[in-house]
Amino acid sequence: MTLRPGTPALAGALLTATLLSGCGSMEVMVNGCPPHSQQVVADTFFFGTRAPNGIVSEDEWQNFLTTIVTPRFPRGLTWWRTHGQWLDKSGKLTEEDCFVLHIIHDRGQEKRMREIRDAYAQRFRQEAVLRERSTQCVSW
């Protein structure tokens, strides 16, 4: 059989060759993740430090981590300081230092996430705590 340009046989042969060329390097994805990794949930909280009584101190933050966050996630977490801005309820642009908390965990931890957010808002009388959630692939 002769494969001539523009014929269906040539198009089929090219398509088959293209599809087969990737088979040697194809990784089997499990739950949307490559081998040797797993799908997890990542929550990132942005905790403002301006409070009606003043600024949330480093000691107050450490106490919050020790008493509220770490008991719920003893396997580990990451936090850092940053600076940000947002519009409050009155429409005023507010700048403030923030603590950012990043926790990677298995699904099913929604109650603990809400407890952390609510505890900070109540303890430091915050109008809001920003929470960002994503699904990611990680390997240990």
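Helices (H or I, at least four residues) and strands (E, at least two) are taken as DSSP runs and numbered from the N terminus. The structure is a predicted model, in which local features require a pLDDT of at least 70 and side-chain atom pairs count only at pLDDT 80 or more, whereas totals for chains, interfaces and linings use all residues. Residues are numbered from 1 along each chain as its sequence is written, and side-chain values use heavy atoms, with hydrogens and water left out.

Four strands form an open sheet with antiparallel pairing in the order β4-β5-β1-β6, two strands being paired if DSSP finds at least two bridges between them. Because β4 (78-87) and β6 (130-138) stand at the edges with a single partner strand each, one side of each is left without a neighbour in the sheet. From one strand to the next, the twist averages 30°; axes are lines fitted to C-alpha atoms, for helices over the stretch in contact, and angles run from 0 to 180 degrees between N-to-C directions. Strand β4 is joined to the antiparallel strand β5 (residues 93-105) by 10 bridges, and leucine 87 has leucine 93 of β5 as its bridge partner.

Helix α2 (residues 58-72) lies across β1 (38-48), β4 and β5, and runs at about 30° to β5. Helix α3 (residues 110-123) packs on the sheet and touches β1, β5 and β6, its direction making about 10° with that of β1.

The 14 residues of α3 reach 20 Å from the first C-alpha to the last, close to the 20 Å expected at 1.5 Å a residue; the expected span is 1.5 Å times one less than the number of residues. Met113, Ile116, Ala119 and Tyr120 of α3 are buried, where buried means under 20% relative accessible area, exposed over 50%, and partly exposed in between (1.4 Å probe, protein chains only). Viewed down the axis of α3, the buried residues fall within an arc of 135° and therefore line one face of the helix, the arc being that of the directions from the helix axis to the C-beta atoms. Elements covering these buried residues include β1, α2, β5 and β6. Lys111 and Gln122, on the other side of α3, are exposed. Arginine 125 follows α3 and has a positive phi, near 50°.

Nine salt bridges were found in a search of the whole structure, a salt bridge being a side-chain nitrogen of Lys or Arg within 4 Å of a carboxyl oxygen of Asp or Glu. One of them joins the side chains of aspartate 43 and arginine 131 at 2.8 Å, N to O. Since aspartate 43 lies in strand β1 and arginine 131 in strand β6, this pair ties together parts that are 88 residues apart in sequence. Aspartate 43 is buried, with a relative accessible area of 0%, whereas arginine 131 is partly exposed at 21% relative accessibility. The side chain of arginine 131 also meets that of glutamate 110 in a salt bridge (2.8 Å, N to O). This second pair links strand β6, which holds arginine 131, to helix α3, which holds glutamate 110, across 21 residues. Glutamate 110 is partly exposed, at 29% relative accessibility. A network of salt bridges links Asp43, Glu110, Arg114, Arg131 and Arg133.

A further salt bridge is formed by arginine 117 and aspartate 118, whose closest N and O atoms are 3.2 Å apart. Arginine 117 is partly exposed, with a relative accessible area of 25%, and aspartate 118 is likewise partly exposed, with 41%.

How values were computed:
Contact means heavy atoms within 4.5 Å.
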